[in-house]
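Good morning, and thank you for coming. Please look at the model first.

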Amino acid sequence: MEWRLDLTVPPPAPAPVLDVDQQAVVDHSGGPLLVLAGPGTGKTTTIVESVAARIPSIAADHILVLTFGRRAAREVRDRIAARLGGGPQPHVSTFHSFAYSLVREFAADGEYLDPPRLLSGAEEDVRIRELLLGAAADGSAPWPEDLVGALGTLGFANEVRS
């Protein structure tokens with residue numbers, strides 16, 4: 001069996017049919033625009049189409065797409081790549097990752113004893129549980145008696161983090 005690397009650029013994915021509200025977002029060109037919509041309403045599709053509509057006139061490296069979670073950032077990044085069919089891609093990241101990159105880029109030398117880093121989800125949960133249990137132990141945060149047993153649990157830490 002012989003393996004060969006196929007360097008053929010895939011064709012762009014076809015443009016989806018957008019509803020009137022989605023098309024209004026894609027067509028918007030006058031400054032900031034807040035889009036509020038529930039799950040499953042096509043927000044990601046609308047973002048992807050907004051980026052695809054702007055790429056011909058705006059360089060991809062001048063476009064920034066921010067999302068709330070890593071999974072959403074990965075999905076948006078993959079869908080933009082599929083929609084554009086290769087070539088330069090915009091920067092897609094989470095708000096947290098983008099803010100972290102700004103801190104790293106603009107922090108003065110020696111400003112931090114240790115370089116700042118983003119915590120993983122698991123590390124966040126551990127820290128949150130430590131803080132919750134510590135606040136309960138020293139009395140700085142009086143918790144209702146029926147919640148004290150939940151303070152050290154992963155589920156409670158996830159709810160607080162969310």
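Let me begin with helix α3, which gives the most to the lining of the second largest pocket, namely four residues. Helices here are DSSP runs of H or I with at least four residues, strands are runs of E with at least two, and both are numbered from the N terminus. This is a predicted model, in which local features need pLDDT of at least 70 and side-chain atom pairs count only at pLDDT 80 or more, while totals for chains, interfaces and linings use all residues. Residues are numbered from 1 along each chain as its sequence is written, and side-chain values use heavy atoms, with hydrogens and water left out.

How is empty space found? Rolling a probe the size of a water molecule over the atoms shows where empty space is left. On a 1 Å grid over the protein atoms alone, a pocket is an open set of points where a 1.4 Å probe fits, with protein on both sides within 12 Å along at least five of seven lines; lining residues have an atom within 4 Å of a point. Grid points are joined across faces, edges and corners, and a volume is the space filled by probe spheres set on the points.

The second largest pocket holds about 420 Å³ of space. Its lining has 16 residues, and F68, R70, H96, E124 and R161 lie nearest the centre. At least two lining residues come from each of α3, β2 (91-94), α4 (95-106) and α5 (121-138). By class, this lining has four nonpolar, seven polar and five charged residues. Here Ala, Val, Leu, Ile, Met, Phe, Trp, Tyr, Cys and Pro count as nonpolar, Asp, Glu, Lys and Arg as charged, and the others, Gly among them, as polar.

The largest pocket contains about 1,100 Å³ of space. Of the 35 residues that line it, V35, K43, I47, V65 and L66 lie nearest its centre. The elements giving two or more residues to this lining are α2, β1 (64-67) and α3 (70-84). Which element gives the most to the lining of the largest pocket? That is α2, with eight residues. The lining divides into 17 nonpolar, 14 polar and four charged residues.

I turn now to helix packing. α2 and α3 pack at an angle of about 45°, with their axes 10 Å apart. Axes are lines fitted to C-alpha atoms, for helices over the stretch in contact, and angles run from 0 to 180 degrees between N-to-C directions. The angle makes α2 oblique to α3, given that angles under 35 degrees count as roughly parallel, over 145 as roughly antiparallel, 65 to 115 as roughly perpendicular and the rest as oblique.

Helix α1 (residues 20-27) packs with α2 (residues 43-54) at an angle of about 40°, their axes being 8 Å apart. That makes α1 oblique to α2.

Finally, the axes of α5 and helix α7 (residues 154-161) come within 9 Å and cross at roughly 100°. That makes α5 roughly perpendicular to α7. Their contact includes E124 of α5 and R161 of α7, both of which also lie nearest the centre of the second largest pocket, together with F68, R70 and H96.

Terms used
Contact = heavy atoms within 4.5 Å.
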